[in-house]
Amino acid sequence: MSILLKGGTVVSAKGRRQVDVRIIDEKIVEMGTNLKAEGSIVEDVSGCFLLPGFIDAHTHLELNNGKGSLGTADDFYTGSKAAVAKGTTTVIDMATPSKGSSLKDCLNAWNHLANDNSSCDYTYHMSIIEWNPSIKAEINEIIDAGITSFKMYMAYDNLRTTDAELYEAMREIRKYQGMLGVHCENGDMVNEMIAKFIEERKLSPHYHPLTRPDSVEAEAVERYLMIAELADLPVNIVHLSTKASLEAVERARARGQTVYVETCPQYLVLDDHLYDGPDFEGAKYVCSPPLRSIDDQNALWAGVMDGQINTISTDHCSFNFEGQKTIGKHDFSKIPNGMPGVEPRPELIYTYGVTTGKISLERMIGLLSEDIAKQFSLYPQKGVIQSGSDADIVVWDPETIGVLSATTQLQKADYTPYEGMQTKGSARSVYLRGQKVAEQGQVIQEKQGAFIYRTIKNKS
Ligand SMILES: [Zn+2]
């Protein structure tokens, strides 16, 4: 099938130009001015931007830790639909094994969740939650299976490894030029502070961020980057949330290290006063790292503007307020950590970044698509509108206005952290590998997503 998108403005991280785009089957085949229909179905997109499909490099679309009530509100089916409806055509989900299981088993389990079920394209970061000879032997196999990136944790007792294990994993990943991202928080200090507040009977959501102050993150970032320097590995920091952490990144870069930094919309548009809301409302915002001060928020925006921060993804991990967040009604430490967010990210960043003049639309494309594709071996298949690339195209109408609300969202949680926030600009239609899969925020063709096999250039 051939489609001609006519009259739009194609935007990349570097610039914009008014050209028509011809799609045949799954690929972009031709770009130019005044292209003739020549048998193509023509969609008039004048007045709209044509943006490369957005990539969310940090989702937990479906997690079920076996305890029933703590499974995420979304599963891969609902989460991927919510993503693609608003323009996110690819997710990199966190594949997380349980203790004692192989990485291969985990990969199979995640394929089972996503295959024939996902409405956007997908791949995974493979989480390494323990380190032993068999896991070590699997690193190369997992990369050969198309998973070129890994995730490790410095907090959460059921997920974290020791510094020595982190270092050994880095050395192994380095052999194959894989990419590592780490959740940076000092897990020992988090445990200490939770215990202290519980002992003092300080149990409301107000105390959640106080167990994870900025120094808890910044110390872990600093240590992680020092260990990465010893291992000689370029590394990624996921969901960086504080000014102090950004300063640690700057020190590492000044030493000559390559460091990639991800932040999330919640750290850019929400702040820690929300933990003091009435009627246990603060529980809605319990995530780790927690929401931060306005001062941190300003530092993150400055980092987004000047390039200190490379990417914006969501850490989508949806729990319902009723019945899930409320488990921690009498003890904040029992509130499941995480918030929904895969759906509104493009509208949030366009509204609060582009229309306010903080960043250009080109910069937004880098942060939400092109630079993510480059970092995670998806480029140029993904992340750019050019001949030969997958026809993942968001037809972006800059003039629409909307209001984010739990009553209209496709994500399955019973609330949104962004309730009532106004938006400007939205995806009018979304193409996934040449098929129109969403229109006016609704999915019109579901389960069209495919696994994207990634390869590392120059892998030895
Ligand atoms: Zn996460």
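I take buried to mean under 20% relative accessible area, exposed over 50%, and partly exposed in between (1.4 Å probe, protein chains only). The model is predicted, so I kept local features to pLDDT of at least 70 and side-chain atom pairs to pLDDT 80 or more, while totals for chains, interfaces and linings use all residues. Residues are numbered from 1 along each chain as its sequence is written, and side-chain values use heavy atoms, with hydrogens and water left out.

Entry 1, zinc site. I looked up the donors (N, O and S atoms within 2.8 Å of the metal, or 3.2 Å for Na, K and Ca; water is not among the atoms, so sites may look incomplete). The zinc ion has His 58 (NE2), His 60 (NE2) and Asp 315 (OD) as protein donors, lying 2.1 Å from it. I noted their spacing along the chain as H-x1-H-x254-D. His 60 sits in the loop between strand E8 (54-59) and helix H1 (76-85), and Asp 315 in the loop between strand E15 (311-312) and helix H10 (345-354), so this pair ties together parts 255 residues apart in sequence. Helices (H or I, at least four residues) and strands (E, at least two) are DSSP runs, numbered from the N terminus.

I found Asp 315 at 12% relative accessibility, so it counts as buried. His 60, at 8%, also counts as buried.

I recorded that the axes of H4 (residues 163-175) and H6 (residues 214-231) come within 9 Å and cross at roughly 45 degrees. Axes are lines fitted to C-alpha atoms, for helices over the stretch in contact, with angles from 0 to 180 degrees between N-to-C directions.
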